[in-house]
Amino acid sequence: MRISRMVWIVLAVAMGIVIAAPVGAGEAKLLTGDVWQKMSKDEKVAFIWGAGQVVTIEQAIMDKLPEMRQETFSAKVVEGMADTDMNQVVTTIDGFYAPNPDKLDTAVFRVIWDEMIRPNIRTGIGGRPLQ
């Protein structure tokens, strides 16, 4: 079985993030602008592609098992980012951090949510009102 270059990039980025950012038990370390700014374009696309695969898997599960259908984060990503390509996501994230060097501690997914998902959805996760 031959593994594509993109899969290796995703694995390398994921391992680099895990190794570079030790956290305590139960804590999740989110990718922020500090690391994002240092990543190559290929690494950025690989990160977005990997996240997209998780969303796609969850969506496929909800399609096969309707009882699992909920207004999860993944469902909101699908709703808010339909037909958005990976390069557009990278450009939007870069466009947020470049003029905001004081916000490099903001999580990449916070940027995606605020800049790309939230403006395109009616309700928040779990059907909650958007704030």
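1. In which helix is T91 found? T91 lies in helix 5; helices are DSSP runs (H or I, at least four residues) numbered from the N terminus. T91 is exposed, with a relative accessible area of 52%; exposed means over 50%, buried under 20%, and partly exposed in between (1.4 Å probe, protein chains only).

2. This is a predicted model, in which local features need pLDDT of at least 70 and side-chain atom pairs count only at pLDDT 80 or more, while totals for chains, interfaces and linings use all residues. Residues are numbered from 1 along each chain as its sequence is written, and side-chain values use heavy atoms, without hydrogens and water.

3. Helix 5 (residues 86-97) packs against helix 6 (residues 108-117) at an angle of about 100 degrees, and their axes are 10 Å apart. Axes are lines fitted to C-alpha atoms, for helices over the stretch in contact, and angles run from 0 to 180 degrees between N-to-C directions. The two helices are therefore roughly perpendicular, a term for angles of 65 to 115 degrees.

4. Contact means heavy atoms within 4.5 Å. Helix 5 contributes Q88, V89, T92, I93, F96 and Y97 to this contact, and helix 6 contributes V108, V111, I112, E115 and M116.

5. The largest nonpolar core has 22 residues, of which W36, I48, I93, Y97, V108 and I112 touch the most other members. Such a core is a set of buried Ala, Val, Leu, Ile, Met, Phe, Trp, Tyr and Cys residues joined through side-chain atoms within 4.5 Å. Helix 6 gives the most to this core, with six residues.

Note on methods: Parallel < 35°, antiparallel > 145°, perpendicular 65-115°, else oblique.
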